[in-house]
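Hi,

Here's the structure I said I'd pass along. Have a look at it first, and then read on for my notes.

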Amino acid sequence: MNKIVLIDESLCTGCGKCVGMCPQRILYLDKETGKCKVTDETKCDRLGGCVWTCPVNAIKIT
Ligand code: SF4
Ligand code: SF4
């Protein structure tokens, strides 16, 4: 299956803004790396709220 939510961990600062705004609650901060990760991306609405919220452009929706 193709990826839907692409997160560039080299850019992510772990600010958590995308986590708080995701209406599907599928984004979270990994406790070990402090980076954003996605759980069940098949639930993604593809509206890109996280993309617009991320201050460092670390997220892309395909
Ligand atoms: S596009 Fe929307 S539903 Fe999908 S991960 Fe981003 S904020 Fe969540
Ligand atoms: S908004 Fe961007 S920088 Fe902040 S946790 Fe999400 S992906 Fe990382």
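Predicted model: local features only at pLDDT ≥ 70, side-chain atom pairs only at ≥ 80, totals over all residues.

Ligand 2 has 14 residues around it, and the closest are Cys 12, Cys 15, Cys 18, Cys 36 and Cys 54. Sorted by class, that shell comes out as nine nonpolar, four polar and one charged. Ligand 1 is surrounded by 14 residues too, with Cys 22, Gln 24, Cys 44, Gly 49 and Cys 50 as the closest. Its shell splits into nine nonpolar, three polar and two charged residues.

Cys 22 is worth a click. You'll find it in the loop that runs between α1 (17–21) and β2 (27–29). Buried or exposed, with 21 other C-beta atoms within 10 Å? Cys 22 counts as buried, because the cut-off for that is 20 or more. Setting aside residues up to four places away in sequence, Cys 22 touches Leu 27, Gly 49 and Cys 50. As for Lys 3, which is 19 residues away along the chain, its C-alpha atom is separated from that of Cys 22 by 17 Å.

Cys 22 also belongs to the largest nonpolar core, which has 11 residues in all. Other members include Val 5, Leu 27, Val 38, Ala 58 and Ile 59, along with Cys 12, Cys 18, Cys 36, Cys 50 and Cys 54. If you follow Cys 54 and ignore its neighbours within four places in sequence, you get contacts with Lys 17, Cys 18 and Ile 59.

Cheers

Conventions:
Residues numbered from 1 in each chain as written. Chains lettered and ligands numbered in written order. Near = placed C-beta within 6 Å. Nonpolar A, V, L, I, M, F, W, Y, C, P; charged D, E, K, R; others polar. Helix = DSSP H or I, 4+ residues; strand = E, 2+ residues; numbered from the N terminus. Buried ≥ 20, exposed ≤ 12 C-beta atoms within 10 Å, placed from the backbone. Contact = placed C-beta atoms within 7 Å. Core = buried A, V, L, I, M, F, W, Y, C linked by C-beta atoms within 7 Å.
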